[in-house]
Amino acid sequence: MSGIDLHTHSTASDGTESPAAVVTSARRAGLEVIALTDHDTAHGWDEAAAAAARHGVGLVRGMEISCSRYGRSIHLLGYLVDPDHPGLATEIGYAREARVSRLRRMVEKMAADGIPLTYEEVVAQVPPGATEGRPHIADALVANGAVANRDEAFVRWLGNDSPYYVRHYAPDPVDAVRLVVEAGGVAVHAHPFGRGRGAGAGDPLIEEMAAAGLGGLEVYHRDHDETARQHGLEMAERLDLLVTGSSDYHGAGKENRLGENTTAPEVLAEIEARASGVVPVLR
Ligand code: AMP
Ligand code: FE
Ligand code: FE
Ligand code: ZN
């Protein structure tokens, strides 16, 4: 077995497979190591750890922290962080809470505009304990027949530029980098350039994050075209950042397939070496 995929989601956030099922899928895909990185939560870690031990898949426990600055959404992967670090736990707790009222407001705006949807239908799509997100609105729209899949829901109504979009509280990315480091983990900026250049944090913010202790850039990701990848490699070289590659798997919720982008073993070894060891890589 080979292949290291450091970015996956389960039903602990907006993936469609349980944490154990993500590990089973990784095993089937022939992966050696995966990271479970649900949005703003460590909720899936224990189930994934048990499954990883059963299936002989290596597990990096992590999370994808939603951050924002000036209304721009930035995703930060925190690998091997202590989820009980008070500062980090508080921030992701606030973010999860803020997501609840935000989802309700989005649904209210949509319903007021005649889109057939109730908040109860959305809540029915949120697995117990999961971090709520727009994909659960999409799932409710699929369930009631308004759209065929999540992507159609995002294209029609749920995108960042949609009139129904509502922001939620999220920490500043520089603060989040510091918290990940304080919590003994390694911070990697997820899909830093979004779809094409200009969609993500922007180079000056990445430089600020690097100065605050950012460990790496997720250069190899399906949302990055060749130009974005080249730019990511140059920035990583210049700022002395690690380069990772990952699928950002969401089960049936997105087209992203496990192992479609992978991370070099030396890079994982470096992530492991830089982490405090409080949350080890499970093998
Ligand atoms: P939220 O965290 O609630 O703002 O929702 C953002 C999440 O929506 C991201 O983490 C993606 O997983 C998901 N997402 C964004 N665009 C799409 C799309 N076109 N199809 C499926 N999922 C999407
Ligand atoms: Fe997601
Ligand atoms: Fe993301
Ligand atoms: Zn993700």
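A donor here is an N, O or S atom within 2.8 Å of the metal (3.2 Å for Na, K and Ca), and because water is not among the atoms, sites may look incomplete. This is a predicted model, in which local features need pLDDT of at least 70 and side-chain atom pairs count only at pLDDT 80 or more, while totals for chains, interfaces and linings use all residues. Residues are numbered from 1 along each chain as its sequence is written, chains are lettered from A and ligands numbered from 1 in the order in which they are written, and side-chain values use heavy atoms, with hydrogens and water left out.

**The iron site**

Let's begin with the metal. Asp 14 (OD), His 39 (NE2) and His 250 (NE2) coordinate the iron ion (ligand 2) at 2.1 to 2.2 Å. Along the chain, the donors of this ion are spaced as D-x24-H-x210-H. The iron ion (ligand 3) sits 5.5 Å from the iron ion (ligand 2). Asp 14 belongs to the loop between β1 (4-8) and α1 (19-28), and His 39 to strand β2 (residues 33-39); this pair, 25 residues apart, links distant parts of the chain. Helices (H or I, at least four residues) and strands (E, at least two) are DSSP runs, numbered from the N terminus. Asp 14 and His 39 are both buried, where buried means under 20% relative accessible area, exposed over 50% and partly exposed in between (1.4 Å probe, protein chains only).

**Around ligand 1**

Now to the neighbouring topic, the ligand. The shell of ligand 1 has 13 residues, and the closest are His 39, Arg 102, Arg 134, Asp 151 and His 250; a residue counts as near if one of its heavy atoms lies within 4 Å. Helix α6 gives the largest share of this shell, 3 residues. By class, the shell holds 2 nonpolar, 4 polar and 7 charged residues; Ala, Val, Leu, Ile, Met, Phe, Trp, Tyr, Cys and Pro count as nonpolar, Asp, Glu, Lys and Arg as charged, and the others, Gly among them, as polar.

Here are some side-chain contacts, each a pair of N or O atoms within 3.5 Å.

| Residue | Ligand 1 atom | Distance |
|---|---|---|
| Asp 14 | oxygen | 3.1 Å |
| Arg 99 | oxygen | 3.0 Å |
| Asp 151 | nitrogen | 2.7 Å |

Taken alone, ligand 1 exposes 500 Å², and the protein buries 85% of that (Shrake-Rupley method, 1.4 Å probe).

**An aromatic pair**

The structure holds 1 aromatic pair. The ring centres of Tyr 94 and Tyr 169 are 6.1 Å apart with planes at 85 degrees, so the pair is edge-to-face (centres within 6.5 Å; planes under 30 degrees apart are stacked, over 60 edge-to-face and the rest tilted).

How values were computed:
A polar contact is a pair of N or O atoms within 3.5 Å; within protein, one must be able to donate a hydrogen and the other to accept it, and residues adjacent in sequence count only if both atoms are side-chain atoms. Rings of Phe, Tyr and Trp (its six-membered ring) pair if their centres lie within 6.5 Å; planes under 30 degrees apart count as stacked, over 60 as edge-to-face and the rest as tilted.
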